Amino acid sequence: MTRYQKTIEQFETLFKCDIIDLKKLKILAFNGCPTDNGIRSLTWKILLNYLLLDQTKWSSHLSKQRDLYRGYIRETIIQPGLASSPQSNIVDHPLNSAPNSSWAVYFKENEVLLQIDKDVRRLCPDLSFFQRQTEYPCAEIMNQEVGFESLRKRIVSTSLKVESHSQSRLTGRLEFQSNNSLQQSIRNDNSEYEVLANGCEAHWEVVERILFVYSKLNSGQGYTQGMNEIIGPIYYTFATDPNTEWREHAEADTFYCFTSLMTHLRDNFMKIYDNSEFGILGRMQKFLSLLKKIDNEVYELLDKQKLKPEFFAFRWLTLLLSQEFHLPDVLRIWDSFFADQDQNFQFLLYFCCAMVTLQRDQILNGDYSQNIKLLQHYPPDTDIHKIIEKAAELKRIHYI
């Protein structure tokens, strides 16, 4: 039996138990989930606190949650004026300028929708997956139930324009980023993708709906550019599950796992929390402090060159490195991150330090322009297993 086959057997042995041993599962997941048999998909659902540890309760729990999500769709994606209001006899209409007009809210939401649409269309541009047709389009919208309209129609029909800087957390608000870095973060392209026929949906349209529903249910936070990079790998993992019973419900399951993950990451996306312990500035300061402890020589050089972590580590920490490596490598890295999430993703800090220290010779011999180019465009073909091993070693030696 090969080592890989043995790992599969260890996971499947755990999944045969009525009560999942979370400690053992985390140890296995930290060392990497097999790509076979939907093991990663199932493991992530457990680690992200969507599936209960008691398997005997899965059926009723999943049925309830998936019905609830369908209810969210019914509540959030509906044309104004079609939902009756027993408290008012006033007829609402698109030209109604009253602040409590459902149409005014509708048009405001379209601004958010256009930003989401712009972002999800370019998810993982190296893969054709998100442009392909899903097997399981949204029944309520595809069946054209009264009151429902596809988000595709909302986008086509609106003439609103969205300025990226008004919505963007990773671009417009980062006045300290260089122009080149800013352009790279935006990755602005105007590529148009083939629109599928009515009754069909592309995977990116499913992701768009999830993010739109999430933004409406979390109005205090809403949608911020970069969330698309967080949800993409989760949806991809669930939507490619070989088990059709799981794959059919990838949309609802992704919504809940993404929502759970955002409880840990949302401070990174909200300016008001920047200076808190778990805000993005606080996280970058922890990264710097850890790097200084691990490799003071590299730290001193970066400090001397005034190469601030805002120029490279902001994206690393906010997006969990989803833009630095190829998707298969990102999925492997996230196995370890999700197994470590209850420690507020401390392993992410060690992983970032390992990325820097593994390039220390090149950094120590480089000038500012060479080093910023290296760190902003980290070699995507780097052996991630070496980085993971190095990060695990650093964590054992320099525990925060």
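Begin by selecting Gln-343, which sits in the loop between helix 17 and helix 18 (346-357); helices here are DSSP runs of H or I with at least four residues, just as strands are runs of E with at least two, numbered from the N terminus. The model is a predicted one, in which local features need pLDDT of at least 70 and side-chain atom pairs count only at pLDDT 80 or more, while totals for chains, interfaces and linings use all residues. Residues are numbered from 1 along each chain as its sequence is written, and side-chain values use heavy atoms, with hydrogens and water left out.

With a relative accessibility of 28%, Gln-343 counts as partly exposed, a class that lies between buried (under 20% relative accessible area) and exposed (over 50%), with a 1.4 Å probe and protein chains only.

Next, select helix 17 (residues 327-339) together with helix 2 (residues 22-30), whose axes lie 8 Å apart at an angle of about 150 degrees. Axes are lines fitted to C-alpha atoms, for helices over the stretch in contact, and angles run from 0 to 180 degrees between N-to-C directions. The two helices, helix 2 and helix 17, are therefore roughly antiparallel, the word used for angles over 145 degrees, where under 35 is roughly parallel, 65 to 115 roughly perpendicular and the rest oblique. Show side chains for Lys-26, Ala-29 and Phe-30 of helix 2 and for Arg-332, Asp-335, Ser-336 and Ala-339 of helix 17, which make the contact, meaning heavy atoms within 4.5 Å. Of the residues in this contact between helix 2 and helix 17, three are nonpolar, one is polar and three are charged.

Now turn to the aromatic rings, for which a search of the whole structure finds 22 pairs; rings of Phe, Tyr and Trp (its six-membered ring) pair if their centres lie within 6.5 Å, with planes under 30 degrees apart counted as stacked, over 60 as edge-to-face and the rest as tilted. Select Trp-44 and Phe-338, an edge-to-face pair with 4.9 Å from centre to centre and 75 degrees between the planes. Trp-44 belongs to helix 3 (residues 39-47) and Phe-338 to helix 17, so the pair ties together parts that are 294 residues apart in sequence. Trp-44 counts as buried at 0% relative accessibility, and Phe-338 is likewise buried at 0%.

Move on to Phe-129 and Tyr-236, whose ring centres are 4.9 Å apart with planes at 80 degrees, so this pair is edge-to-face. Phe-129 lies in the loop between helix 5 (102-120) and helix 6 (139-142) and Tyr-236 in helix 11 (residues 227-239), so parts 107 residues apart in sequence are tied together by the pair. Here Phe-129 is buried at 4% relative accessibility, whereas Tyr-236 is partly exposed at 23%. Then highlight the cluster that ring pairs build from Phe-30, Phe-287, Phe-312, Trp-316, Phe-325, Phe-337, Phe-347, Phe-351 and Tyr-378.

Finish with the backbone of two loop residues. Asn-49, in the loop between helix 3 and helix 4 (58-76), has a positive phi near 60 degrees without being a glycine, and it is exposed at 59% relative accessibility. Leu-321, in the loop between helix 16 (313-318) and helix 17, also is not a glycine and has a positive phi of about 65 degrees, but Leu-321 is buried, with a relative accessible area of 1%.

Note on methods:
Ala, Val, Leu, Ile, Met, Phe, Trp, Tyr, Cys and Pro count as nonpolar, Asp, Glu, Lys and Arg as charged, and the others, Gly among them, as polar.
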